Amino acid sequence: MAGLRSRHRREVADEALVRSLFDEHGKAMLAYANRLLGDRGAAEDVVQEALVRAWRNPDSLVNGKGSVRGWLLTVVRNLVIDQVRARDARPAEVAESPSTVAVERDHSDQVVDSMVVLSALDGLSSEHREVIEQMYLHGRTVSEAAETLGIPPGTVKSRSYYGLRALRELFRNQRAEGVA
């Protein structure tokens with residue numbers, strides 16, 4: 001019970017510390033950050049982060065190495081420098097317009113495409129499907145597919161040719177029926 005009371009007292013003291021820091025130095029911190037950044041919203045975020053750092057390091061405020069305001073403004077300056085460096089390290093963002101295509105397609109297109117392909121693969125003979133899966137889904141060469149399947153490379157080439165031809169025909173028929 002005593003631990004709970006001391007923790008509550010510490011939380012109240014911490015809140016009072018942050019509140020008094022903001023009341024006394026908040027306007028100066030905000031004005032300084034706003035002048036450095038030119039963006040009030042970003043400046044408010046910097047002030048908030050500076051107050052969080054003061055809350056986490058209360059010993060830095062009372063160590064006798066200068067004024068509290070000086071320490072807080074130094075923290076604000078360092079946070080602004082970090083923000084500017086981080087922004088400069090990233091490539092510039094380009095606004096999306098109707099003439100530019102989105103970088104990443106909607107993943108639902110990929111899901112539909114894979115469902116269509118898997119359905120079409122089910123329409124192939126097992127010999128053709130095995131070769132197509134080895135070469136195109138697993139990325140194996142003719143030699144690797146032949147070794148995995150235990151058939152000659154010429155047979156892999158032949159089954160691949162006729163399997164792809166059968167897939168094209170399946171897709172053509174599906175398009176004609178309006179399925180795909």
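Analyst: What follows covers the salt bridges, pair by pair. This is a predicted model, in which local features need pLDDT of at least 70, side-chain atom pairs count only at pLDDT 80 or more, and totals for chains, interfaces and linings use all residues. Residues are numbered from 1 along each chain as its sequence is written, and side-chain values use heavy atoms, with hydrogens and water left out.

A search of the whole structure finds 3 salt bridges (a side-chain nitrogen of Lys or Arg within 4 Å of a carboxyl oxygen of Asp or Glu). In one of them, glutamate 44 pairs with arginine 40 at 3.2 Å, N to O. These two residues sit 4 residues apart in helix α2, so about one helical turn separates them (helices are DSSP runs of H or I with at least four residues, numbered from the N terminus). Glutamate 44 has 38% relative accessibility and therefore counts as partly exposed, that is, between buried (under 20% relative accessible area) and exposed (over 50%), with a 1.4 Å probe and protein chains only. Arginine 40 is partly exposed as well, at 46%.

Helix α2 also holds glutamate 49 and arginine 53, 4 residues apart, about one turn. Their closest N and O atoms are 3.1 Å apart in a salt bridge. Glutamate 49 is partly exposed at 30%, and arginine 53 is partly exposed at 33%.

In helix α8, glutamate 169 and arginine 172 are 3 residues apart, about one helical turn. Their side chains meet in a salt bridge at 2.9 Å, N to O. Glutamate 169 is partly exposed, with a relative accessible area of 37%; for arginine 172, also partly exposed, the value is 48%.
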